[in-house]
Amino acid sequence: MKLDLLLSAGTILTLDTDRPTAERVGVLGGRIVGFDEEIEGLEAARTVDFGSGTITPGLIDAHCHAIWWGLNLAQADYSHIRKLEDFFDVLSEQVSRIPAQPDPSRWLLGHSFNQYSSGSEYPRLEEIDRITGNVPLYIRHASGHAAIVNSAALRMIGALEPGFSDPTGGVVCRDASGRPTGLLEEAAQALAQAHILPFPLSELVDALEEATERFAAQGITSFGEAGIGAGWISHSPVEFAAYQQAVSEGRLHARAQLMPVLDALQPLSAHQSDFFGAEESIGLSLGIGSGFGNASLRLGHVKVFLDGALVSKTAAVSDVMCSHGSGHGYLLGEPAEYRRRTLAAYRAGWPLALHAIGDIAIDLALDLIAEAQEKYGLLSVPNRIEHFGLSRPEQVERAGALGISVVPQMGFIRDLGDQLIASVDPERESWLYRGRSVIDAGAGLIGSSDLPVIGNNIRMAMDAAVQRTTSSGRVLNSAERIDRSEALRMHTVWPAHAMGLSDDRGTLERGKLADFTVFSGNPLTSSTMQELEILATFVGGKETYAK
């Protein structure tokens, strides 16, 4: 037998308890065939020695937004804004590129504005209008849960008309006199997006290629796309087709698991014995369900948005928070309607991934999962709560008792930690983006970036989980620190289990996919993981990145 690939390194961390380390690994047909003595004497079509480097299972980002980020790369970037004068400079430069005879259907698009970076202020609508005139504007907030628009856009969505009412689950923000400020929250974004979307498939495929090339440079071999097909998170009702095309054209450089949003599911009817005797449920056409697909592309959980975000002041919290002013944020729908639709999806075989950041939303998420599991039993993969941003101690214990996978973003601690601390009362600071207590309670702790809210540098996120240090040097609840091995497992073993992928990935074992991340040193013994470089990334034994 001749191997396709033989890799060697100073250390191979398999994360397999039966064989935790090795020095050589052989690949044939995209899968691992053995280690060290098991491949002794075998020749290989290609041999690569990474010297003192370390090979680990391919890194997994369990919750990100690849299409959104890929599209951002072609739009105006407002992430670096530190004062409002800079905002207006970028906007003016953007307007200066408008052709003399602009396409009336085109909007000015931008992304990643964060008011905390500019003195907690949003730009005044009057100044925006002075610069943009009658060309409609849409700048997505860094959180994705709000957007800045101009009067031309407000006029198009009818928000300037008498009698206009906010949509369910969203707000067109207004000043004390009732005039719109130019800020759209949550579902209100969809009013403007209705004039922008859908993007053509060709642009979505381009976005996926641009995004996943960069994923590979971060050592990422698999990821979860957290919301496709409907709602403000979506860019086309046929996003799955964009992924299929990217795979068929060899332009998807990491394996993808896609979460359709709840609103993308349609009523299903079948035999009276189906769906636990309910006869009707909701799902995708033909009854296609979670797990459908292959190693490159498959369907995962159904994504359900219960509330907003802390940095956009829309997370549903039980106590007034500093950043919320006099408010508590809000749920994006009625609990009874959430219950009806999530139970319908679950009994059709869709595991739940419930976006819940504020503790009120987490209460609802826990109640929905508990009822679903009690009525219809456990599915083959655990239910998830995405973010779990501000969780009370008893909620952590309940998540563990229910066997839930908790999916926080540890990179938030460094990049957004100071903003998160400022958004809550001091006595609730310890509730933010937990780590240690989630593991100790028996819940799954699953690593993710939420790209493009922040970047997807997994090494930085693992450091943040271990150190819990914000960008200003402040430590966010040292009691929630985890160790280096746990931080690595957050992006390998544990997400593979949470996503139903453990048979193929998460650890390096014979028969599993040859998905590898190659570090310049050992992430378990280096002074920080951030100091390590990604030397190479392999998906199915093929290099997707080489430094």
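**Helix packing and nonpolar cores**

The crossing of helices H9 and H10 is left-handed. In this predicted model, the two helices, H9 and H10 (residues 393-402), pack with their axes 11 Å apart and at an angle of about 20°. Because angles under 35 degrees count as roughly parallel, H9 is roughly parallel to H10. On the H9 side, the contact is formed by Asp359, Ile362, Asp363, Leu366, Asp367, Ala370 and Gln373. Helix H10 contributes Gln395, Arg398, Ala399 and Leu402 to this contact.

Helices H2 and H3 have axes 9 Å apart and pack at an angle of about 25°, which makes H2 roughly parallel to H3. The crossing of H2 with H3 is right-handed, whereas that of H9 and H10 is left-handed. From H2, the residues Phe87, Phe88, Leu91, Ser92 and Val95 meet Glu127, Ile128, Ile131 and Thr132 of H3.

Within H3, which spans residues 125-132, the buried residues include Leu125, Ile128, Ile131 and Thr132. These residues lie on the same side of H3, because the arc that they cover around the axis is only 125°. An α-helix has 3.6 residues a turn, so residues three or four places apart point the same way. Just after H3, Gly133 adopts a positive phi of about 60°.

The nonpolar interior was considered next. In soluble globular proteins, nonpolar side chains tend to be buried together. The largest nonpolar core comprises 124 residues, and Phe215, Tyr243, Leu306 and Leu432 are those with the most contacts inside it. Helix H9 (residues 359-376) supplies the largest share of this core, namely 10 residues. Apart from this core lies another one of 20 residues, including Ala76, Phe88, Val90 and Cys173. Phe88 of this other core is also one of the H2 residues that meet H3.

Leu306 illustrates the surroundings of a residue in the largest core. When neighbours within four places in sequence are left aside, the residues in contact with Leu306 include Tyr330, Leu331, Leu332, Tyr338, Leu354, His355 and Ala356. Ala361, Leu364, Ala365 and Leu368 are likewise in contact with Leu306.

How values were computed:
Residues are numbered from 1 along each chain as its sequence is written. This is a predicted model: local features need pLDDT of at least 70, side-chain atom pairs count only at pLDDT 80 or more; totals for chains, interfaces and linings use all residues. Side-chain values use heavy atoms; hydrogens and water are left out. Buried means under 20% relative accessible area, exposed over 50%, partly exposed in between (1.4 Å probe, protein chains only). Helices (H or I, at least four residues) and strands (E, at least two) are DSSP runs, numbered from the N terminus. The arc is that of the directions from the helix axis to the C-beta atoms. A nonpolar core is a set of buried Ala, Val, Leu, Ile, Met, Phe, Trp, Tyr and Cys residues joined through side-chain atoms within 4.5 Å. Contact means heavy atoms within 4.5 Å. Axes are lines fitted to C-alpha atoms, for helices over the stretch in contact, and angles run from 0 to 180 degrees between N-to-C directions. Angles under 35 degrees count as roughly parallel, over 145 as roughly antiparallel, 65 to 115 as roughly perpendicular and the rest as oblique. A crossing is left-handed if the near helix is turned anticlockwise from the far one by less than a right angle, and right-handed if clockwise.
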